[in-house]
Amino acid sequence: MGEKIVVIGGVAAGASAATKARRTSEDAEIIVFERGSYVSFANCGLPYYVGGEIRERGQLFLVTPEMFRQRFNIEVKINHEVVSINRAEKYVEVVDQASGRSFREPYTKLVIATGGTPVRPPIPGINLPGVSTLWTVPDVDSIMDTIAARRVDSVAIVGGGFVGLETAEAFINRGVRVYIVEMLSQVMTPLDPEMAGIMSGHLQAQGAEVILGDGVARFLGRDRVEEVELASGRKIKADLAVVAVGVKPELKLVMDSGLALGETKGVLVNGKMQTSDPDIYAAGDIVESTHLLTGKKVRVPLAGPANKQGRVAGANAAGGNLEFEGVLGTMVVKVCDLTAAKTGLNEREAGEAGLDYFVSYTHNGDHAGYYPGAKPMVIKLLAEKGTGRVLGSQIVGYQGVDKRIDVLATAIYGKMNVKNLENLDLAYAPPYSSAKDPAIMAGFVAANVLRGEVEIMTGAQLLEARERGEDLQVVDVRTEEEFERGHIPGAKHIPVDSMRERAGELDPGKTTVVYCGVGYRSYLAYKILQARGFTKLKNFSGGFQSWLLVSGRSF
Ligand code: FAD
């Protein structure tokens with residue numbers, strides 16, 4: 001006789017757990033309780049349904065209860081809420097929401113995958129019709145019903161995280177005026193500010209207004225939302241408002257049943273996804289995970305970890321022996337035609353972890369410039385000083401960002417250093433990449449730094465040095481035309497091709513920062529000056545393109 005496995009929650013982690021349990025044991029009895037009306041739906045696809053890329057509502061549903069029964073011999077009970085867990089007698093109390101009937105369902109192994117609920121801050125007017133979250137199928141239905149029933153000229157998106165930005169894109173695609181209201185000073189907090197700034201700039205270029213450093217004070221309207229009043233007093237017209245200010249784990253069952261929480265207030269689990277009760281597993285947005293780089297506990301409410309954790313929990317509940325190692329927080333988000341991605345640590349996280357790191361920026365086309373359609377991409381790389389261990393990367397660009405972030409995530413997982421990046425053997429043909437792939441270029445530059453072949457200075461470091469009043473000579477080595485189009489304030493102009501003749505115009509005793517468009521010509525100038533006895537040299541990382549990022553201008 002196999003295990004009797006009860007799974008609570010039937011979407012990402014729960015559905016993965018149930019089906020993996022079946023693949024692990026044909027004998028197990030498996031039952032899934034889902035309090036909503038849908039199982040295994042594509043919550044990540046909801047913004048694309050609003051935007052019209054996903055045309056059919058039915059495409060959001062990946063597996064139906066009937067398919068669970070037929071293919072997996074798994075009983076799925078939708079509209080059934082588990083209201084308590086009795087650990088001593090090993091049963092869950094379930095309420096059938098249709099009939100109101102409650103009953104006990106015994107288990108030998110339990111998997112809790114109750115996910116998260118979107119935060120709805122107690123802002124006056126938040127319960128007005130037309131103020132919605134975008135988390136569930138009923139949420140998306142109510143948004144689509146509103147769009148069908150009335151004219152929606154403008155929408156306020158509250159929160160500039162990935163759900164907020166994807167929702168913004170959806171409404172931009174529908175030709176609706178979009179306001180994004182973000183209390184913090186940047187959107188997309190997994191990214192460092194200068195990288196997130198590219199996203200804000202792009203949204204503005206698409207006609208959206210990104211309002212930073214201002215929160216929502218009130219939603220206003222008679223029968224439904226009409227306006228949003230901000231803390232600054234400004235009022236925005238809003239025929240719809242979508243609140244996307246984060247998600248909190250759904251922990252009621254866990255806490256009521258006395259299971260241990262970890263330091264981040266996610267469910268404490270071991271590598272087997274076992275909670276403090278060995279017969280109860282947990283997976284998905286409710287658990288805390290180990291960060292693979294820092295070893296610290298973190299909560300990463302994303303679909304990749306949820307599905308993998310569910311798979312591990314389901315296998316182990318059915319008698320298997322799988323392990324979930326941890327997370328790097330790898331993520332990718334598309335906003336209109338721009339993509340941003342991150343893996344590993346950003347600067348804030350590396351600082352908090354007490355790591356001594358350096359940063360490099362590289363700007364490349366996603367594929368060979370001579371093949372039509374190449375688009376720019378910027379890679380920010382964080383590596384540990386001394387060892388060169390790759391600590392993190394953030395990439396923003398139009399094409400091929402997903403591929404490079406996954407290369408770098410794999411590099412971090414494989415504990416590679418920047419010299420290993422130089423040696424990666426990646427696929428190349430002109431439509432896809434360059435002979436020196438952008439990920440490899442990032443490795444070249446960072447490895448040059450690691451070997452001491454070049455010292456670099458980032459835009460943030462230049463601004464700090466100037467604020468400290470350091471006497472720097474900043475030298476622009478680009479062409480006359482490029483210099484005329486824009487340059488770092490106070491820069492002296494000596495084109496690289498004249499540097500050998502004109503090096504005498506510079507003071508070798510001063511800290512000299514050379515820059516060009518993206519960092520290559522200035523590297524040549526650096527070497528020319530180095531050979532002439534300049535010792536306090538810095539190549540400005542990523543060149544004028546990086547300066548544009550820190551000075552808050554466009555990509
Ligand atoms: P969920 O998928 O939320 O499932 C939990 C389920 O448990 C819910 O259906 C809930 O009804 C049910 N439940 C809760 N309590 C009970 C109970 N007591 N009894 C019975 N059932 C219960 N992640 C990415 O990695 N990439 C993306 O692009 C991405 N985009 C997203 C876009 C949107 C709009 C949203 C909403 C999320 C997105 N995510 C994305 C996040 C991702 O969907 C979640 O991390 C993932 O779904 C979490 O899986 P989970 O199983 O833990 O929780």
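**View 1. Salt bridges across the whole structure.** Let's start with a count: a search of the whole structure turns up 35 salt bridges. Keep in mind that this is a predicted model.

**View 2. Lys-4 and Glu-105 meet in a salt bridge.** Here the side chains of Lys-4 and Glu-105 come together, with 2.7 Å from N to O. Lys-4 sits in strand β1 (residues 4–8) and Glu-105 in strand β6 (residues 102–106), so the pair ties together parts that are 101 residues apart in sequence. Buried or exposed, these two? Both Lys-4 and Glu-105 are buried.

**View 3. Glu-169 pairs up with Lys-334.** In this salt bridge the closest N and O atoms are 2.3 Å apart. Glu-169 belongs to helix α5 (residues 162–173) and Lys-334 to strand β21 (residues 331–335), so this pair links parts that are 165 residues apart in sequence. Glu-169 is buried, at a relative accessible area of 2%, while Lys-334 is partly exposed, at 34%.

**View 4. Arg-177 and Glu-209 join two strands.** Their side chains form a salt bridge at 3.5 Å, N to O. Since Arg-177 is in strand β11 (residues 177–182) and Glu-209 in strand β12 (residues 209–212), the pair ties together parts that are 32 residues apart in sequence. Arg-177 is partly exposed, with a relative accessible area of 33%.

**View 5. A network of salt bridges.** Which residues take part in this network? They are Asp-192, Glu-194, Glu-347 and Lys-380.

**View 6. The largest nonpolar core.** This core has 90 residues, and those with the most contacts inside it are Val-50, Phe-171, Val-178, Met-199, Leu-203 and Met-499. Strand β24 (residues 376–384) gives the largest share of the core, six residues. Zoom in on Met-199: leaving out residues up to four places away in sequence, Met-199 touches Val-187, Leu-191, Val-333, Val-335, Leu-338, Ala-340 and Val-396.

View 7. Where is Tyr-428 placed? Look in the loop between α11 (418–422) and α12 (438–450). With 37% relative accessibility, Tyr-428 counts as partly exposed.

How values were computed: Residues are numbered from 1 along each chain as its sequence is written. This is a predicted model: local features need pLDDT of at least 70, side-chain atom pairs count only at pLDDT 80 or more; totals for chains, interfaces and linings use all residues. Side-chain values use heavy atoms; hydrogens and water are left out. A nonpolar core is a set of buried Ala, Val, Leu, Ile, Met, Phe, Trp, Tyr and Cys residues joined through side-chain atoms within 4.5 Å. Buried means under 20% relative accessible area, exposed over 50%, partly exposed in between (1.4 Å probe, protein chains only). Helices (H or I, at least four residues) and strands (E, at least two) are DSSP runs, numbered from the N terminus. Contact means heavy atoms within 4.5 Å. A salt bridge is a side-chain nitrogen of Lys or Arg within 4 Å of a carboxyl oxygen of Asp or Glu.
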